[in-house]
Amino acid sequence: MKLIILGAPGSGKGTSATYFREKYNLAHISTGDIFRANIKGGTPLGIEAKTYIDAGKLVPDSVTINMVADRLKEDDCKKGYILDGFPRTIAQAEALDEMLAKNGEAIDAVLSIVVADETIKGRVSGRRVCEKCGESYNVTFRPTKVEGVCDSCGGNVVQRDDDKPETVEARLKTYYANTQPLIDFYDKKGIIIEGDNNNDPAVCREQLEAGLKAKNLI
Ligand code: ADP
Ligand code: ZN
């Protein structure tokens, strides 16, 4: 099964992706995580990506598309995968279609995480992540037991540089301008499945799983 998960920053896209990865044994390809790992490692890719990410802009399509093309060639992708944070532009979506079509493949479904605009800003500004294991928390909705310490691994829990209020606004603008049009792009192909993540994430997952069942994918 080849899935895409689509949603605004702070929609809970990453958390849902983790759930699907574990339950259905999929490779989880998060472009944001790959960029952050490269930034941490000080690679040329990381150095280039950081300037865009800290400004709330998208890393250029050419860089991102090549990076994902390489990642999809790795062995673990054979079992199926969930793309999280890619595609983010129509050009990326078209490039992905082409990459897959070369092997006679296609994306099976696009999980669209729906959250009201008002909710999103609060979620992003309150988000904290573990530097060590990547676990996601929220100061209001899901605080750590001990402030600043990861419940699962004891690592440092911090705010991502691009979750600072000045950057969040720019990221939301980028999302609406570049990424939201993808919903229409995939809707035309008839492969969108919606999950309402305004309230309980369990309800959202149930809706998404019902959609996958209806398509005989699970
Ligand atoms: P979120 O979905 O919460 O905004 P991500 O971790 O998915 O966060 O991405 C963080 C940043 O990495 C984005 O704001 C963007 O700058 C960059 N990025 C991630 N994926 C892509 C992509 N497919 N194309 C271009 N830039 C990307
Ligand atoms: Zn941790």
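I listed the buried residues of H4 and got Val63, Thr64, Ile65, Met67, Val68, Ala69, Arg71 and Leu72. I am working on a predicted model.

Next I asked what these residues pack against.

I checked the length of H4. With 12 residues at 1.5 Å a residue, H4 should span 16 Å. I found its end C-alpha atoms 16 Å apart, so the two values agree.

I then took H2 as a partner and looked up the geometry. H2 covers residues 31-40 and H4 covers residues 61-72. They pack at an angle of about 100°, and their axes are 11 Å apart. I therefore logged H2 as roughly perpendicular to H4, since 65 to 115 degrees counts as such.

Which residues make this contact? From H2 I noted Thr31, Ile34 and Phe35. From H4 I noted Thr64, Met67, Val68 and Arg71. I sorted the residues of this contact by type: 4 are nonpolar, 2 polar and 1 charged. Thr64, Met67, Val68 and Arg71 are also on my list of buried H4 residues.

**Thr174**

I moved on to Thr174, which lies in helix H7 (residues 165-179). Is Thr174 buried or exposed? Its relative accessibility is 14%, so I count Thr174 as buried, the cut-off being under 20%.

I also looked up its contacts, leaving aside neighbours within four places in sequence. Thr174 touches Gly56, Lys57, Leu58 and Thr179.

Technical notes: Residues numbered from 1 in each chain as written. Chains lettered and ligands numbered in written order. Predicted model: local features only at pLDDT ≥ 70, side-chain atom pairs only at ≥ 80, totals over all residues. Heavy atoms only, no water. Axes fitted to C-alpha atoms, helices over the stretch in contact; angles between N-to-C directions. Helix = DSSP H or I, 4+ residues; strand = E, 2+ residues; numbered from the N terminus. Parallel < 35°, antiparallel > 145°, perpendicular 65-115°, else oblique. Contact = heavy atoms within 4.5 Å. Nonpolar A, V, L, I, M, F, W, Y, C, P; charged D, E, K, R; others polar. Expected span 1.5 Å × (residues − 1). Buried < 20%, exposed > 50% of the residue type's maximum accessible area, 1.4 Å probe, protein only.
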